[in-house]
Amino acid sequence: MGHMVQVKGGEIWADDTGTDGVAGHAVAGPPLVLLHAGVGDSRMWDPVLPGLVARHRVIRYDARGFGRSPKPTVSYTQAEDLRSVLDHFELDRVVLVGSSMGGRTVIDLTLSDPGRVAALGLLVPGVNGYEGLESAEVMAEIGQLATAGDMDGLVAMALRLWGGAGPDPDTEAAAQLRAAIPAWFTTHGHEVPGAPAFDRLGELDLPCALLLGERDQPEVIRCNEEMAARIPGCRLVRHPGCDHFPTLRAPQDVARLLTELGERAAAV
């Protein structure tokens, strides 16, 4: 099942446990809206959902070009698309949860529309305006592999950078990457970056938890530490067994963290 949500110049796929999920559970607090990382699509939340849907209404969606959402044909911003999803489901106040790329988006939306957000869950997040998160050498390697059409090489590179906690072979993370990597290129030239947000993190006056994977890329770890230090009252969770795939490496821990965050939001 699922819904096609109209966005500027296109549509994106979303699902909502309020209509698509298992009925009969008591729902507590604001809905959880889950945004995936650039190393996967909304299916990355599959291992976490059983620990959430018993107590929360959960909405997740595929960003343009990822999963079941068509690739973009016009310029857009991720935050505008997120706002369209909230409007489509008539959600006035939510808990926003973003992993990596999704973390960057939920921060942008919260800074522009803080009254709509009850709490923030950030999993190995990115953020606009942080210098040093993208390595010139990594970007050059991606360009060379893409030019050569070397999908296997792109997957291997991504696992080397972001999959340090995985088994060998890391078939599940590799499958997520193989599905996601084409979107890195189909969205290029269409997605408009958000405004710098790193220097505005002190404005995030709401319950917030940030999960840092201690086996993630060093640049991401450093960024996440600095983000948590700037967000007032942010709960920093350092997970020794996680890399850039926390929902795959530690789904029960992620579900527990988000459930606790939802309870905090409900109590405010």
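Ala, Val, Leu, Ile, Met, Phe, Trp, Tyr, Cys and Pro count as nonpolar, Asp, Glu, Lys and Arg as charged, and the others, Gly among them, as polar. The model is predicted: local features need pLDDT of at least 70 and side-chain atom pairs pLDDT 80 or more, while totals for chains, interfaces and linings use all residues. Residues are numbered from 1 along each chain as its sequence is written, and side-chain values use heavy atoms, with hydrogens and water left out.

The lining of the largest pocket holds 23 nonpolar, 17 polar and five charged residues. A pocket here is an open set of points on a 1 Å grid over the protein atoms alone, where a 1.4 Å probe fits, with protein on both sides within 12 Å along at least five of seven lines; lining residues have an atom within 4 Å of a point. Among the 45 lining residues, Met101, Arg104, Glu134, Met139 and Glu191 lie nearest the centre of the pocket. Helix 1 (78-88), helix 2 (101-112), helix 3 and helix 5 (171-186) each give two or more residues to this lining; helices are DSSP runs (H or I, at least four residues), numbered from the N terminus. Helix 2 provides the largest share, six residues.

The axes of helix 3 and helix 4 come within 9 Å and cross at roughly 160°, so the two helices are roughly antiparallel (over 145 degrees, on a scale from 0 to 180 between N-to-C directions). Their contact (heavy atoms within 4.5 Å) is made by the residues below.

| Helix | Contact residues |
|---|---|
| Helix 3 | Val138, Glu141, Ile142, Leu145, Ala146 |
| Helix 4 | Gly153, Leu154, Met157, Arg160, Leu161 |

These residues divide into seven nonpolar, one polar and two charged.

Methods:
Angles under 35 degrees count as roughly parallel, over 145 as roughly antiparallel, 65 to 115 as roughly perpendicular and the rest as oblique.
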